[in-house]
Amino acid sequence: MSDSMRFDVMHFMPYVHLPDNHKDYVSTWVDFPNKYYDPEKAHGLYQQYFDQLALADRLGYDAIVLNEHHNTVYSMMATPNVVAATLLPRLRRARICVWGVPPNFMQPNRLAEEYAILDVLSKGRLEIALPLGTGMEYWANSVSPVTSRERFRESLKIMLQAWSEDGPTTHYGKYFTYRYLNPWPRPYQKPHPPCYIVGTGSPETIELAAELGFGYSSVFATQARAKELNDTLRERAAHHGFTLRPDQLPLLTFVYVAETDEEAEREYKGHLRRFYEDFARSTPQWLAPPGYISVEQLKIRAAGSDRLHGGFDFDHIRDSTFVAVGTPERVANLLGEWAERMGTNHLNNVMHVADMPHWKTTKNLTLFAEEVMPRLGAGSRETAAVGG
Amino acid sequence: MSTFSKRTLNVNGIDTVVHTAGTGEPLVLFHGAGTVDGFDFTVPWTDKFQVIVPHHPGFGESADDPSVDEMHDYVMHYLELFDALELDTFHLVGLSMGGYLAAKFGVEHCHRIRKLAMIAPALMLDPEHPMLDILALSGDKVIGALVKNFDALKPRLPENPDIDFIADRYRETTSLARLQWEHPNDLKLPRYLHRLKTPTLIVWGAEDRIVPAAQAAAWRNALPDVTIDIVEDAGHLVHLEKPEVVGRMGDFLGA
């Protein structure tokens with residue numbers, strides 16, 4: 001990877017057609033009734049979102065980022081590998097990042113196989129993240145949150161073994177037994193696609209990324225916290241003998257660009273508000289199922305201010321997290337400053353949130369590609385192949 | 001009547017707290033899936049019995065045992081604890097999840113139980129009258145469902161629960177989830193309950209919203225020697241709502 005900045009587009013693919021009475025529900029996750037899911041409307045949304053991501057590819061973004069959530073309007077990607085496979089023929093050069101499927105909800109050999117297929121189909125353009133899965137996912141799946149971290153580690157070991165060692169091999173563990181671990185196909189990239197760990201900063205997860213020399217991306221952390229996490233990770237990775245490259249520390253940002261700062265804020269604010277208040281609306285119970293975090297972590301999290309799931313204060317969120325809204329110049333300056341401070345050259349930008357209409361998303365994607373990317377040292381890339 | 005003394009025993013590496021009071025034949029209490037309701041209801045028994053109240057690993061004052069992943073681990077834990085306490089035979093009382101644990105212990109070691117009393121034993125497989133899946137509910141909802149008359153529980157709860165109180169409940173729920181998250185029911189217990197030949201009394205609040213009193217029929221059918229005492233106008237913590245049942249249980253065990 002060169003020194004030039006890398007630009008990814010992350011899409012949550014929300015189901016935006018919330019019923020009028022949705023505020024009657026304390027959460028839009030886990031038990032939000034799926035009678036409100038209309039497949040006809042979902043079909044239309046998929047088409048719209050796929051068009052946006054195909055456009056991003058043509059505009060020269062480096063990667064498309066997908067992830068997995070269950071039982072929620074927040075995301076229509078309960079099985080992101082299906083979405084990735086569907087999207088792939090529409091992407092000409094962008095990498096496809098599945099960030100990712102929580103291995104705990106799959107048989108690890110099966111997940112290793114799915115990723116290998118995507119890597120082969122894309123000729124080595126796959127990148128993956130290995131998340132534990134949010135607390136919410138454990139209410140939706142049949143896996144105990146209490147043993148989730150131990151099971152997660154075992155799953156990762158199996159997947160890496162399946163990719164890195166010639167089969168057949170064996171695995172006799174606590175949660176899985178493989179007498180013939182010998183998956184066909186194998187990944188296109190050797191020994192396997194680039195791997196990241198994604199998390200909200202629990203010490204166990206940071207340590208795991210450091211041990212494996214994987215990249216790490218913190219999600220929904222404050223600027224101060226994210227910096228702290230990156231520093232800790234670099235330090236722990238060095239302890240385990242790894243030197244992390246800047247691109248292994250992707251920075252998750254929320255970005256919206258318009259002609260003036262005022263216009264950008266006016267066009268964006270309402271959607272970000274809905275993201276926080278409606279789409280990310282969860283409960284302490286859903287966020288922390290029994291045993292998902294330690295009692296010590298529970299106390300730390302309760303003491304800190306978790307403003308993601310259910311409260312909205314635009315100025316506070318903009319100033320304390322990574323939300324860049326404004327003119328191309330302002331957004332480029334902010335992103336450049338953050339990247340430098342975080343020690344990364346890899347921006348993972350959320351460019352559609354909540355109920356943002358198609359026109360705003362395509363405008364945002366286009367303006368950013370044409371006006372922000374060049375300002376951040378992406379001048380030499382191929383751009384503006386729109387319509388191709 | 002006497003006051004409880006507390007001691008801590010190291011049981012196979014796990015610090016286990018045991019409260020003891022009274023003199024007489026030993027009586028062991030297996031508490032339920034939480035300790036917030038307290039154990040002082042056992043005080044009347046201390047006149048006639050040596051009342052022994054251990055805290056299960058992962059609950060109350062005992063240490064966590066992360067290796068626990070099924071109820072039988074607790075059976076093994078208690079075999080070791082009873083060795084350490086030099087308890088050969090004893091009366092056994094089980095409350096809710098502790099009732100199930102008592103039955104689980106009893107189908108293997110019923111010769112050690114002189115008499116058995118259970119209060120609203122949980123986790124019996126009864127598809128017609130399923131118990132409330134308390135792991136699916138938030139803590140405040142579970143606490144609200146514990147009694148019919150909330151006044152019976154209210155003085156035992158903090159007025160404004162602080163983070164330490166919430167963290168303690170999270171820890172105990174985690175310990176329950178170790179046993180129950182993936183397998184809420186013990187499908188095999190009913191098949192072995194006929195081995196529990198100990199004379200048994202089951203006390204149940206008629207309006208129990210956690211474990212329906214209708215499950216008493218399943219226990220009646222499964223146990224060879226059982227008396228069922230359904231108490232009107234009471235919920236899951238019937239012993240707090242209707243203290244007179246504590247006396248009836250003592251009479252049964254001492255008879």
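This section describes the fold of chain A and selected sites in chains A and B. The model is predicted.

Chain A contains 13 helices and 11 strands. Its C-alpha trace spans about 60 × 50 × 45 Å along the principal axes.

An open sheet of nine strands runs through chain A in the order β8-β7-β4-β3-β2-β1-β11-β9-β10, with parallel pairing. Strands β8 and β10 (323–326) of chain A stand at the edges. Each has a single partner strand, so one side of each lacks a neighbour in the sheet. Neighbouring strands of the sheet are turned by 30° against each other on average, direction ignored. In general, strands of a sheet pair through backbone hydrogen bonds, in either a parallel or an antiparallel sense. At one end of the strand order, β9 (residues 251–257) of chain A pairs with β10(A) in the parallel sense, over four bridges. Within this pairing, A:Phe254 has A:Val323 in β10(A) as its bridge partner.

Strand β11 (residues 346–350) of chain A holds A:Asn348. A relative accessible area of 2% makes A:Asn348 buried, given that the cut-off is under 20%. Leaving aside residues up to four places away in sequence, A:Asn348 touches A:Asp8, A:Val9, A:Met10, A:Val65 and A:Trp99, as well as A:Leu251, A:Leu252 and A:Thr253.

Helix α7 (residues 223–239) of chain A has 17 residues. From first C-alpha to last, this helix reaches 24 Å, close to the 24 Å expected at 1.5 Å a residue. The buried residues of α7(A) are A:Gln223, A:Ala226, A:Leu229, A:Asn230, A:Leu233 and A:Ala237. They lie on the same side of α7(A), because they cover an arc of only 120° around the axis. These buried residues pack against four elements of chain A: α6 (203–212), β8 (215–218), α11 (314–320) and α12 (328–342). The face turned away from the buried side of α7(A) carries the exposed residues A:Ala224, A:Glu235 and A:His239. Just after α7(A), A:Gly241 takes a positive phi of about 90°.

A:Thr361 is buried, at a relative accessible area of 2%. Beyond residues up to four places away in sequence, A:Thr361 touches A:Gln52, A:Met351, A:His352 and A:Met356.

In chain B, B:Gly250 lies in helix α8 (residues 244–254). B:Gly250 counts as buried because its relative accessibility is 3%. Residues up to four places away in sequence aside, B:Gly250 touches B:Trp45, B:Lys48 and B:Phe49. B:Thr46 is 204 residues from B:Gly250 in sequence. In space, the two are 9.6 Å apart, C-alpha to C-alpha.

Definitions and conventions
Residues numbered from 1 in each chain as written. Chains lettered and ligands numbered in written order. Predicted model: local features only at pLDDT ≥ 70, side-chain atom pairs only at ≥ 80, totals over all residues. Heavy atoms only, no water. Helix = DSSP H or I, 4+ residues; strand = E, 2+ residues; numbered from the N terminus. Buried < 20%, exposed > 50% of the residue type's maximum accessible area, 1.4 Å probe, protein only. Contact = heavy atoms within 4.5 Å. Expected span 1.5 Å × (residues − 1). Arc of directions from axis to C-beta. Pairing = 2+ DSSP bridges. Axes fitted to C-alpha atoms, helices over the stretch in contact; angles between N-to-C directions.
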